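Me: I have a structure to get through today. Can you help me read it?
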Amino acid sequence: MSADSPRSQSCTCIAPINIAVIKYWGKSDEDQIIPLNDSISLTLDTDYMYTKTTATISTELTKDSIILNNEEASGDGVRFQNCLSEIRKLAASSKHASTVEKSKLKVAIVSQNNFPTKAGLASSASGYACLVFTLAQLFELESHKSELSALARRGSGSACRSLFGGFVQWFHESQPCVARPIAEAEHWPQLRCLVAVVSNTSKAVGSTEGMSRSVKTSKLLEYRIKHVVRDRVEEMKMAILQKDFVKFAELTMQDSNQFHAICLDTYPPLFYMNSTSQAIIQLVHRYNEIRQNIKVAYTFDAGPNAVLFMEEAELNRFASVFHSFFGSIPHESFFRGKVPDPVDSTKDVEALGPDNALKGQVQYTIVCHVGQGPKNIDPTG
């Protein structure tokens, strides 16, 4: 930095998680993190779930460092350095002298998730999206979000989707390989999401290892890529643009089921869901039957935690049923975020067949809507 520049400068941002409704599972290029197929996701609001990252550059720092969830991580980690080196290249080529100066300094990163990490809730997506966005803000880069999307992908594939709000598609054949919006967050204001936290324990087999194993051994994954997913992506885009919840719900559940079928078809098999996950699936299907229409959809990423979609008109009724089955704490404590209004679910529960053994199997549930991409939360940002 020049003599009149501050010796230290920081920036703090938050970034959302995104939930894939058409899944990404498997890479054609491990190093560049190029997926085998397109995927589609919804970005969730940051009212309750987000990654918060503070990046600091200083003339006094002698090495890059990163602290994740209060634990020191390796500043030499390949994916961290991939993102950091690409950001520095952009900064070094800037037409602004101050940005070029900043690119030469070491950086200290402090990042925190306020939701379970490595438990199938897209923590790496929000984490790397937040890292790239925060560094871009700190270095005052004039980069388009699509450019940042490509950089975030080098940290975690699905992070490229968290650079955008709303409904997002990641294109596996685009050059560069980036995500782009399908529709803004405001496009479907009635859509609601319940994130049911079954477990906050890290999964036994990480997504990177699991994907690699599936690519090598699963014939079902091979079939999905050749015969299923391309058409499914187009159908999902149409359902989103038309706000066709029934079609959206069917495709979301079918794709989740196929993903976990691929996990079982992998050798040795991958077990990401548990018995509570299966009970949630059964409840959703039984609930839709008694409602005589598809009112609720589920999806599961690489973990046991459920993400449930419904429209606002169904939220209070289904949330009360869900709490009756899986909650062992009061309604207002079981739900976080904007708590749904409790309604009398006695008749629904009786029709569904109560199962007291399920009580307490979901720790808590976060109520979300479709939201925006990362944002700077510094007072001057």
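Reply: Start with a term: helices and strands here are DSSP runs, numbered from the N terminus. Keep in mind that this is a predicted model.

Me: OK. Which strands does helix 7 lie across?
Reply: Helix 7, residues 245-265, lies across strand 12 (191-197), strand 13 and strand 14. Helix 7 runs at about 25° to strand 13.

Me: And helix 9, what does that touch?
Reply: Helix 9 (residues 312-326) packs on the sheet and touches strand 12, strand 13, strand 14, strand 15 and strand 16 (364-369). The direction of helix 9 makes about 140° with that of strand 14.

Me: What order do the strands have in that sheet?
Reply: The order is 13-14-12-16-15, in an open sheet of 5 strands with mixed pairing. Strand 13 (296-299) and strand 15 (335-337) are at the edges with a single partner strand each, so one side of each has no neighbour in the sheet. Neighbouring strands are turned by 25° against each other on average, direction ignored.

Me: In which sense do strands 13 and 14 pair?
Reply: Antiparallel, over 4 bridges, with strand 14 covering residues 306-311. One of the residues involved is Ala297, whose bridge partner in strand 14 is Phe309.

Me: How many of the lining residues are charged?
Reply: 6 are charged, alongside 6 nonpolar and 3 polar residues.

Conventions:
Residues are numbered from 1 along each chain as its sequence is written. This is a predicted model: local features need pLDDT of at least 70, side-chain atom pairs count only at pLDDT 80 or more; totals for chains, interfaces and linings use all residues. Side-chain values use heavy atoms; hydrogens and water are left out. Two strands pair if DSSP finds at least two bridges between them. Helices (H or I, at least four residues) and strands (E, at least two) are DSSP runs, numbered from the N terminus. Axes are lines fitted to C-alpha atoms, for helices over the stretch in contact, and angles run from 0 to 180 degrees between N-to-C directions. Contact means heavy atoms within 4.5 Å. Ala, Val, Leu, Ile, Met, Phe, Trp, Tyr, Cys and Pro count as nonpolar, Asp, Glu, Lys and Arg as charged, and the others, Gly among them, as polar.
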